[in-house]
Amino acid sequence: MNFRNRYLVIAIRIFLGLIMLASGISGLLMGRSTQGVPAKMVAFTQVFWASGIFQMVKVTEIVAGFMLLVGIFPALATLFLAPDVVGIVIVNARLMPSFLWLGAVVFVLTAYLGYAYWTCTNQFSPAIDSSR
């Protein structure tokens, strides 16, 4: 990874970490309240909260966001966020199309970090011996 890309990855990592940390904390602090939630999302949010999935997603966002901010295993944090981000895009596309742009931004940031960490990791792995 060259010098310029290194700072780009750090900037994206911190930005995505802030987004996820803020989303996780605000989601848990909101609790069962549906104040400010669009009408289409109320039933969805209540079912997810009652089943415990909502809490699991928000705790994952908090932990992975903190890991990205601090730089603790950022590749693992990006991997933790991947299913969550796909869920964000799907929910936004189906229930809140006006917020689809936000899901797309988070998706692109996560995909770029995944790509950056994948290429950085594979760059230093030993070559596979094809003579076997």
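L79 is exposed (over 50% relative accessible area; buried is under 20%, partly exposed in between; 1.4 Å probe, protein chains only), with a relative accessible area of 58%. This is a predicted model: local features need pLDDT of at least 70, side-chain atom pairs count only at pLDDT 80 or more, and totals for chains, interfaces and linings use all residues. Residues are numbered from 1 along each chain as its sequence is written, and side-chain values use heavy atoms, with hydrogens and water left out.

**Exercise 1.** State how many helices and strands the chain has.

Solution. Begin with the rule. Helices (H or I, at least four residues) and strands (E, at least two) are DSSP runs, numbered from the N terminus. Now count. The chain has five helices and zero strands. Along the sequence this reads α-α-α-α-α.

**Exercise 2.** Find where pLDDT stays under 50.

Solution. pLDDT is the predictor's confidence in each residue, from 0 to 100. Start with the whole chain. The average is 86, and 88% of the residues score at least 70. Then look at residues 127-132. There pLDDT stays under 50, and the model has zero contacts beyond four places in sequence. Contact means heavy atoms within 4.5 Å. Where pLDDT is low, the predicted coordinates should not be read in detail.

**Exercise 3.** Work out which face of α2 is buried.

Solution. First, list the buried residues. In α2 (residues 39-51) they are M41, T45 and W49. Next, look down the axis of α2. The buried residues fall within an arc of 65 degrees, so they line one face of the helix. The arc is that of the directions from the helix axis to the C-beta atoms. An α-helix has 3.6 residues a turn, so residues three or four places apart point the same way. Last, turn to the face away from the buried side. K40, V47 and A50 are exposed there.

**Exercise 4.** Identify the residues that touch the most other members of the largest nonpolar core.

Solution. Take the definition first. A nonpolar core is a set of buried Ala, Val, Leu, Ile, Met, Phe, Trp, Tyr and Cys residues joined through side-chain atoms within 4.5 Å. The largest such core has 15 residues, and L16, M20, L68, L81 and L113 touch the most other members. Two or more residues each come from α1 (3-30), α3 (53-70), α4 (74-95) and α5 (100-123). The largest share, five residues, comes from α5.

Now follow M20. Beyond four places in sequence, its contacts include E61, L81 and V106. E61 is in helix α3. At 2% relative accessibility, E61 counts as buried. Among the contacts of E61 beyond four places are M20, L21 and D84.

**Exercise 5.** Decide whether F73 is buried or exposed, and give its phi.

Solution. Locate F73: it sits in the loop between α3 and α4. At 59% relative accessibility, F73 counts as exposed. Its phi is near 45 degrees, a positive value in a residue other than glycine. Most residues other than glycine have a negative phi, and most peptide bonds are trans. For a glycine, look just after α2. G52 has a positive phi of about 95 degrees.
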